Amino acid sequence: MLGLRSEHLLDQYCRGQHRLLEQLQERLVAVHARQMQIEEKGAQLYDARGQMISSVAQVRLSDGVVALLQDGRLQLEVRFMSIQPSIQRTIYFVSDGTGITAETLGHAILAQFDITPRYVRLPFIDNREKAEHAVIKINQSVDTEGQRPIVFTTVIDKEVLAVLRQGCQALLLDLISTFASPMEQELGIKPLDRVGRFSDISHDSVYQNRIEAINFSLAHDDGQSHKDLEQSEVILIGVSRSGKTPTSLYLAMQHGIKVSNYPLIPEDFGRNELPPALLPYKDKLFGLTIDPERLAQIRHERRPDSHYASLN
C-alpha cells in the first residue's frame, strides 16, 4: 500500500514548480472524481491497461487521494480530507451618490460567506441614461463569467431603480427599500427620498461642529499652540509616540470634541511636575500610557538604534 504524507510536504515539493502545483490544484477541484485503479509493479506504476505512467502527472487514486508522479515513479502521495472550490463572483455597488453606504453594507454581508469576490463600484448613477449604461456593464459579467453577478444598490430615484430592476441579469439587493418600507409602515410617514447620506450638509450642526473640532485639534497638536487652550474640552498628555495625535483626531472626527495634546519630555519628569502651560487646566487633563516594549518598537521605526528608541 502506498504511504501517505502530509499536505505540507506537497507544498515543499512543489515550491519552485508553480506549474505543477497549479495542475495539481486543478485536479483537486472535483472531490468526487472517477477512481483510477493503480497497480504497483516494483518501483514503477502502471495504469489499469498495463501502460506505464510516464512524464509528470497527477493521478487520483481514490476520493481525496492524489499521487504526484515523475517518469512513472511515485514522488509523493497526499490525502486531502475535504476540498471545496472557491466560489468567485463579481459584486457591484451601485449608487446615486458615492456608493460608500452600499459598499459598507455589502462588505458586512459578504463577510458571512466564503467566496472570492471581484468588486466594482458604480457611483453617481442618478439618471436613466447612466442606469442603462450600468445595466450593460453588469450584464457583460454574465456573458464573460457564465454566472450572474450580485448587485448591492442604494439608489433612491424610483425611475433609475426601475431601470436596474428590469434590466439587470443579476441578484439585485435594494439596501434602502429593504429598511425604508417597514420603517414607513411603522412610523406612518413617507421617506424623504434624499440622495446621499449628507444631504443639506451645510446646515448640519453636527457636521459643522466636527469640522470645527478637527481644525482646533490640528492647531493644538503636540503642544504647538497655547492659544485658546482654555477652549479645549479635553487635553491629552503623554510621552512622544504614545498615540496622542491619532486619539485627538479620532475624538474630533467621530465625536466633535475639541482636543489639545501636549507632549511630556524628560525635563518634565525631572522636575516631577506638569508643564506650566497645563497647570490651569488640570480638570481637563487625560494621560495616555503605553507598554514600554511597544513604545520602543514604534520609536525604533522612526529613529533606529537611537537613545530615543532605547529602553535604557
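1. In this predicted model, the axes of helix H7, which spans residues 205-219, and helix H8, which spans residues 244-255, come within 7 Å and cross at roughly 165°. Angles over 145 degrees count as roughly antiparallel; H7 and H8 are therefore roughly antiparallel to each other. The crossing in which H7 passes H8 is right-handed.

2. Which residues make the contact between H7 and H8? From H7, the residues are Arg210, Ala213, Ile214, Ser217 and Leu218. From H8, they are Ser248, Leu249, Ala252, Met253 and Gln254. Sorted by class, the contact of H7 with H8 has 6 nonpolar, 3 polar and 1 charged residues.

3. Helix H5, formed by residues 158-167, has Val160, Leu161, Val163 and Leu164 as its buried residues. These residues lie on the same side of H5, because they cover an arc of only 155° around the axis. On the other side of H5, Lys158 and Gln166 are exposed.

4. Two residues deserve a remark on their backbone angles. Most residues other than glycine have a negative phi. Asp228, although not a glycine, has a positive phi of about 60°. Arg241 is likewise not a glycine, and its phi is positive, at about 70°.

5. Where in the chain does Asp228 lie? Its place is in the loop between H7 and strand E10, the latter comprising residues 234-238. Is Asp228 buried or partly exposed? The relative accessible area of Asp228 is 29%, so this residue is partly exposed; the buried class would require a value under 20%.

6. Arg241 is found in the loop between E10 and H8. With a relative accessible area of 39%, Arg241 is partly exposed. To count as exposed, a residue would need a value over 50%.

7. For the protein as a whole, how many helices and strands are there? The protein has 10 helices and 12 strands. Of its 312 residues, 33% are buried. Among contacts between residues at least 6 apart in sequence, 60% join residues at least 24 apart.

Note on methods
Residues are numbered from 1 along each chain as its sequence is written. This is a predicted model: local features need pLDDT of at least 70, side-chain atom pairs count only at pLDDT 80 or more; totals for chains, interfaces and linings use all residues. Side-chain values use heavy atoms; hydrogens and water are left out. Axes are lines fitted to C-alpha atoms, for helices over the stretch in contact, and angles run from 0 to 180 degrees between N-to-C directions. Helices (H or I, at least four residues) and strands (E, at least two) are DSSP runs, numbered from the N terminus. Angles under 35 degrees count as roughly parallel, over 145 as roughly antiparallel, 65 to 115 as roughly perpendicular and the rest as oblique. A crossing is left-handed if the near helix is turned anticlockwise from the far one by less than a right angle, and right-handed if clockwise. Contact means heavy atoms within 4.5 Å. Ala, Val, Leu, Ile, Met, Phe, Trp, Tyr, Cys and Pro count as nonpolar, Asp, Glu, Lys and Arg as charged, and the others, Gly among them, as polar. Buried means under 20% relative accessible area, exposed over 50%, partly exposed in between (1.4 Å probe, protein chains only). The arc is that of the directions from the helix axis to the C-beta atoms.
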